[in-house]
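Here is a report on a two-chain model. Please look over the sequence and the structure before reading on.

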Amino acid sequence: MAEVDVEVKVHPPGDRDADLWQGLMAGAPEAAQALCARYGPKLLSFAAARFPHDRSLAEDIMVQSLADAARHIAWYHPRRSTFAVWLYGVARRQIHNELRRQRRLKSVPAAAQTPLTNAVELSDGRDVADEVAARLQAQRAVAVLSEVLSDVELEVLVLSSIDELSIREIGLVVGRSERAVHSLLHRARTKARERLADDER
Amino acid sequence: MSDELMRTEIGELLESSRPELTPALEARAVAAVESARARPARPRRRLVAVATAGVVVLVGLGFVPIPLGQMKGALDRALASATNARTVHITTWWRNPPIVCSSSDGSWPLPGKGPATSEEWLAEEGFGRAEYRQEGKLGHVDLSVGPRETDYWNTGDEPASAGQFFNPCLLHSADMPGRSTLEQRFNWLRQLADFYQKPAPEVQFREYREASLWGGQVVVIEAQVTITGDNSFVFGGGYAKGDTVLVRAELDPAKNTLFSVREYKVSGSDRELTYEATYEWNGEIPENLRHFDLPAGTKVRRGTWWETRVGKAIAQEATRDWQVTLHAIDINRHGDILLSLSRVETPENQMTLLYNTAVPIKVEALGSNGEQYEQQNCYTCYNARHAGYWTTTLKPESENSMPQAITLTIRPYPEDPSADQSVTFQNVPLPSRQDADDVAAGTWQITQQ
């Protein structure tokens, strides 16, 4: 019988996060690595959706959110929310702080979308040009979505897509009721569906 | 595309667009997390001091609810803030919805069909849109742009229908406040204020600060009331005599805005949520919501009743509190007189608790030939805080009576403190009879089958 790599989830996600929480509370180095590995990509997606034209800003927000979470880990209480919900709340606050700062500056910094150096760094023999082109196309699609959706519609759409958060959990992150999130999500999906269909034509 | 497929597609799109978490970036993140990690626990001997400081901090941050006593000013300030709002977006949910809206075209929601939701957007420039859903199905849409209103009904049994008409209460004129669309919603908030101002033991109050999930504070105002049967007004509906209902409002103490109103049916220590409305103030209203394209196959009719009457004034008088205008007189084939009337608050009107002008106008009428008339009914859908537009039918004792004129004694608001105030229009000439049983119905034109 051939061996197959299968990821066996012995613990429900909440338990894995409980270990992570306790590790962060104890200042364990492996917890810092686990936090970055488990939530870094998701928080990067969350931030990149809000700042699709500014990769370095999305990265800064991801790093700052993770550091903020570690710094204020004592504020997290598992009875009030799941760890993921709390972490997305931390990231959302970072994003809103940045949006407020940009409104004060009245200009949006425009950094390079995909520096060539990063593209080369990532290369593992795949066609770098195709990969960069595909990413740029996806970034453009996300940028279009960010234009047609309101801020909160984009947030709930992204949260429902990058992580398996329930409607209630998304509501906790964005500070809305379940009904409001349900309605926002329905509206966001309808708009996104129409927009993506337009782009395919 | 199903929601699940949509979720997958958006997830893949975000995954594709996301910058790679390069080894360098991951190392930077790990270093940031390690350098920012939580401080180790304090020595045990300092535990009491830390705990004391912690309690002080938690109290200061609002994590420990603090009773604020009878601080009614919070709700008053929220109402004042609402009055100055540019826009409001309201999401509402009912577990057992009462009839929320009705017209001659239909009513919503459908009884016995389970929980219902609505979403409303209102703007100060005279825009309003409300969408009502039950079981996820759109049952009713009400769109008003200035005084032009479209009422769409799709309640299932009948083909979808829509009425397009002129709502004089949404006019911006010298007599009307310019914010009338928002004003209508504020009437609901005033009902909340009235509710809270009822004296104990009719309503039991509790007002305190509470922490939100992320550390900010909200002011909570709770009012608990027992349904008596004859005065069962609460927002959620579906209650029986003897039920205990808790209304909970949450307010932002910094911005003085209302976050939400929730209503619970209370049984012992259990609370069952029956109603929830959440408010967002001063957001932008999406452009696509400013139009509503009627679905194909919708039967559309257009009403011109008030459009052709609101600018006319056969007679006008004022009491201390109310200005009364007789806009039109119509008579059906049986001699029944239909009056089109309005009342508007005068500057002297001191009715501070007025949230709804649904108190009907009372009319006594005497024909020039001595014919007595009896007031049959009084209808309005056009109702704001400061004004109401009404039609009322006067039926003669004899169908064959043909007076040339009529004297009308009108009590515009027959309840305290205006109960004894009235105006009299003497010998108003009567027009000839129209060849219709229902003169109002005849003014509706079907514009699309």
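## Terms and model

Two residues are in contact if their C-beta atoms, placed from the backbone, lie within 7 Å. This is a predicted model: local features need pLDDT of at least 70, side-chain atom pairs count only at pLDDT 80 or more, and totals for chains, interfaces and linings use all residues. Residues are numbered from 1 along each chain as its sequence is written, with chains lettered from A and ligands numbered from 1 in the order in which they are written.

## The two chains

Chain A has 9 helices and 0 strands. Chain B has 5 helices and 24 strands. Helices (H or I, at least four residues) and strands (E, at least two) are DSSP runs, numbered from the N terminus.

Of the 201 residues in chain A, 41% are buried. For the 449 residues of chain B, the figure is 32%. Buried takes 20 or more other C-beta atoms within 10 Å of the residue's own; exposed is 12 or fewer, and partly exposed lies in between, with C-beta atoms placed from the backbone. Among contacts in chain A between residues at least 6 apart in sequence, 64% join residues at least 24 apart. In chain B, residues 24 or more positions apart make up 61% of the contacts with a separation of 6 or more.

## Where the chains meet

The contact takes 37 residues from chain B and 53 residues from chain A. On the chain B side, α1 (3–17), α2 (23–35), β2 (87–94), β5 (116–123) and β14 (270–281) each give two or more residues. The largest share, 10 residues, comes from α1(B). The chain B side divides into 19 nonpolar, 7 polar and 11 charged residues. Here Ala, Val, Leu, Ile, Met, Phe, Trp, Tyr, Cys and Pro count as nonpolar, Asp, Glu, Lys and Arg as charged, and the others, Gly among them, as polar.

## Cores

A nonpolar core is a set of buried Ala, Val, Leu, Ile, Met, Phe, Trp, Tyr and Cys residues joined through C-beta atoms within 7 Å. The largest has 62 residues; A:Leu35, A:Ala47, A:Leu66 and B:Val33 have the most contacts inside it. Helix α2 (residues 29–50) of chain A gives the most to this core, 11 residues. Which residues does B:Val33 touch, leaving aside its neighbours within four places in sequence? They are A:Ala32, A:Leu35, A:Cys36, A:Leu66, A:Ala67 and A:Ala70. Apart from this core lies another, of 36 residues, with B:Tyr196, B:Leu251, B:Val261 and B:Tyr275 among them.

Helix α3 (residues 55–71) of chain A is mostly covered, with 13 of its 17 residues buried.

## Hairpins in chain B

Two strands pair if DSSP finds at least two bridges between them. Strands β12 (residues 244–252) and β13 (residues 257–267) of chain B run antiparallel, joined by 9 bridges. B:Asp252 has B:Thr257 as its bridge partner. The hairpin has 4 residues between the strands, and B:Asn256 takes a positive phi near 60 degrees.

β13(B) also runs antiparallel to β14(B), with 8 bridges. B:Ser267 stands opposite B:Asp270. This hairpin has 2 residues between its strands; B:Gly268 in the turn has a positive phi of about 60 degrees.
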